[in-house]
Amino acid sequence: MYREVPPPTHLAWAVRCVWRSTPNAHERAKSVVPDGCLDLIVSEDRVFVAGPDTRASVPSAGARSARHGIRFSPGHAPLVLGVAADELLDQRVELSELWGREGARAAERLLADPRGLPGLVSSRLDGAEPDPEVALLVRRLELGVPRVADATGGLGLSERALRRRFTVAVGYGPATYLRVSRLQRAIAMAPHAGGLAALAAAAGYADQAHLSRECRALTGRTAAAYFGRSVQDRAAPRELVSAP
């Protein structure tokens with residue numbers, strides 16, 4: 001069972017959701033596709049960060065215990081974690097490795113009571129401010145622009161500077177984030193789409209072939225295979241991926 005709840009009001013600007021998962025031991029492992037987010041996760045015996053993914057992952061057999069997590073909105077995790085998001089790309093890293101002794105003490109407290117996750121995040125966000133240009137670019141890319149260039153106007157930064165700041169905050173560059181957000185949009189629209197061609201058009205792909213190429217690259221499956229089932233059967237929450 002997986003359940004998301006909105007974050008506390010004072011964290012809503014930086015946190016997408018707080019979640020809890022209690023997997024069924026008899027469920028088959030489900031793939032986890034990129035979503036542009038980082039999560040701080042408390043499992044049965046470890047506390048770790050799931051970095052931004054660029055490819056689909058499959059949970060290991062040891063990732064079947066109950067878990068609690070907090071999911072950061074794209075671009076905000078570094079304000080809490082104190083490390084650039086691109087350093088965590090496709091990684092699962094113990095909190096003690098990121099914060100040393102402070103991380104080990106925080107992990108001990110969270111293992112005793114995972115409900116302390118919002119409080120820990122709140123204390124780390126005190127006085128922090130997001131990068132306004134990055135936040136604006138994230139919003140524009142999520143609206144479904146065809147190209148990154150269509151979303152960068154008026155930001156007052158060179159392409160190189162904007163890409164560098166975006167990569168540090170989000171974990172990968174704007175072009176990759178555009179691909180990831182487009183796939184997530186397709187996943188959300190799939191239950192109501194009348195076939196792959198209609199889904200491709202609605203989600204912002206050039207055509208069905210474009211959707212098929214991107215789906216294979218990001219999920220490891222053809223679009224026909226991936227979108228042939230319900231969203232619930234296809235997409236597992238990222239918290240089911242275990243730390244190494």
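Let's start with two helices: helix 7 and helix 9 (residues 208-219) pack at an angle of about 105°, and their axes sit 11 Å apart. Because angles of 65 to 115 degrees count as roughly perpendicular, helix 7 is roughly perpendicular to helix 9. Keep in mind as you look around that this is a predicted model.

Who touches whom here? On the helix 7 side you'll find Arg179, Val180, Arg182 and Leu183, and they meet His210, Glu214, Ala217, Leu218 and Thr219 of helix 9. Sorted by class, this contact of helix 7 with helix 9 has four nonpolar, two polar and three charged residues.

Helix 7 (residues 174-189) also packs against helix 5 (residues 132-142). What angle do helix 5 and helix 7 make? The angle is about 45°, with the axes 9 Å apart, and helix 5 and helix 7 are therefore oblique to each other. Their crossing is right-handed. Helix 5 brings Leu137, Val138, Leu141 and Glu142 to the contact, while helix 7 brings Pro174, Tyr177, Leu178, Ser181 and Arg185. That contact of helix 5 with helix 7 divides into six nonpolar, one polar and two charged residues.

| Helix pair | Angle between axes | Axes apart |
|---|---|---|
| Helix 7 and helix 9 | about 105° | 11 Å |
| Helix 5 and helix 7 | about 45° | 9 Å |

Now for the empty spaces. Rolling a probe the size of a water molecule over the atoms shows where empty space is left. By class, the lining of the largest cavity has five nonpolar, two polar and one charged residues.

Strand 2 gives the most, with four residues. As for classes, the lining of the second largest pocket splits into eight nonpolar, four polar and three charged residues.

One last stop is a bit of backbone. Asp90 lies in the loop between helix 1 (77-81) and strand 6 (92-94). What's phi of Asp90 near? Phi is near 60°, which is a positive value in a residue other than glycine.

How values were computed:
Residues numbered from 1 in each chain as written. Predicted model: local features only at pLDDT ≥ 70, side-chain atom pairs only at ≥ 80, totals over all residues. Heavy atoms only, no water. Nonpolar A, V, L, I, M, F, W, Y, C, P; charged D, E, K, R; others polar. Axes fitted to C-alpha atoms, helices over the stretch in contact; angles between N-to-C directions. Parallel < 35°, antiparallel > 145°, perpendicular 65-115°, else oblique. Left-handed = near helix turned anticlockwise from the far one by under 90°. Contact = heavy atoms within 4.5 Å.
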